[in-house]
Amino acid sequence: DEPNIWKFLLARIFYNDGLATIFAMGGVYAAGTFNFDTGQIFIFGIALNVTAGLGAFGFAWLDDISGSKKTIVLVLTGLIIPVVAVLFVESETWFWIWGLLLGIFVGPVQASSRTFMGRLAPQDKRNQMFGLFALSGKVTTFAGPIMVGWITLIMNSQRWGMSAILLLLVIGLILMFSVEEIQGTKHEKVPQRL
């Protein structure tokens, strides 16, 4: 069902750009808004990756039980909440709390996206489809940071600038609702790519 694959890849372009922008601009935001120094940014980056890994491990069961689409929708919804919170909090402590909570939802959306692609792709076109999947995750990753930069410049506020992430995630989430879940394959083992 190639039209369904294209719908999924379009949705992923948006929400993946949001994720990429979180990692690209998160340190800049922490330094500019919360006065993090280089050491704090480094520690925060490590902690964010740890929580992302824990989230991917913790939500794996949901993907097996409910299917990848439902997991992606749920996790994107969960991701939007801490993104909003991080845009509004004033204290460094709350930035840490919401920032690390944000990381918990980053891992599962990446893992479930790969699983969903494996389920969507026809057996005879799996290599091509994963090639397009990889391309959709790279081709527009410059857009998010550019949006952040322009909005920050225009509004003279990093908080407003980082709202671009929220916009990208919301568009990706809305587009995911038009993607059909693959029936009867949610328990299917997807071959691991080496």
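In which hand does α1 pass α6? The crossing of α1 with α6 is right-handed, where right-handed means that the near helix is turned clockwise from the far one by less than a right angle, and left-handed anticlockwise. The model is predicted: local features need pLDDT of at least 70, side-chain atom pairs count only at pLDDT 80 or more, and totals for chains, interfaces and linings use all residues. Residues are numbered from 1 along each chain as its sequence is written, and side-chain values use heavy atoms, with hydrogens and water left out.

Two packed helices are described by the angle between their axes and the distance between the axes. The axes of α1 and α6 (residues 143–155) come within 8 Å and cross at roughly 60°; axes are lines fitted to C-alpha atoms, for helices over the stretch in contact, and angles run from 0 to 180 degrees between N-to-C directions. Helices are DSSP runs (H or I, at least four residues) numbered from the N terminus. On the α1 side, the contact (heavy atoms within 4.5 Å) is made by Asp-17, Thr-21, Ala-24 and Met-25, and on the α6 side by Ala-143, Gly-144, Pro-145 and Val-148. By class, five of these residues are nonpolar, two polar and one charged. Ala, Val, Leu, Ile, Met, Phe, Trp, Tyr, Cys and Pro count as nonpolar, Asp, Glu, Lys and Arg as charged, and the others, Gly among them, as polar.

Helix α1 also holds Asn-4, which counts as buried because its relative accessibility is 2%. Buried means under 20% relative accessible area (1.4 Å probe, protein chains only). Beyond four places in sequence, Asn-4 touches Leu-120, Ser-178, Val-179, Glu-180 and Ile-182.

In helix α7 lies Leu-169, buried at 0% relative accessibility. Leaving aside neighbours within four places in sequence, Leu-169 is in contact with Tyr-15, Gly-18, Leu-19, Leu-76, Leu-79, Ile-80 and Val-83. Leu-169 and Val-83 are 86 residues apart in sequence, with their C-alpha atoms 9.5 Å apart.

The second largest pocket contains about 280 Å³ of space. A pocket is an open set of points on a 1 Å grid over the protein atoms alone where a 1.4 Å probe fits, with protein on both sides within 12 Å along at least five of seven lines; lining residues have an atom within 4 Å of a point. Grid points are joined across faces, edges and corners, and the volume is the space filled by probe spheres set on the points. This pocket is lined by 18 residues, with Ile-22, Gly-26, Gly-27, Phe-44 and Leu-48 nearest its centre. Helix α1 gives the most to the lining, six residues. The lining comprises 14 nonpolar, four polar and no charged residues.

How values were computed
Helix = DSSP H or I, 4+ residues; strand = E, 2+ residues; numbered from the N terminus. Buried < 20%, exposed > 50% of the residue type's maximum accessible area, 1.4 Å probe, protein only.
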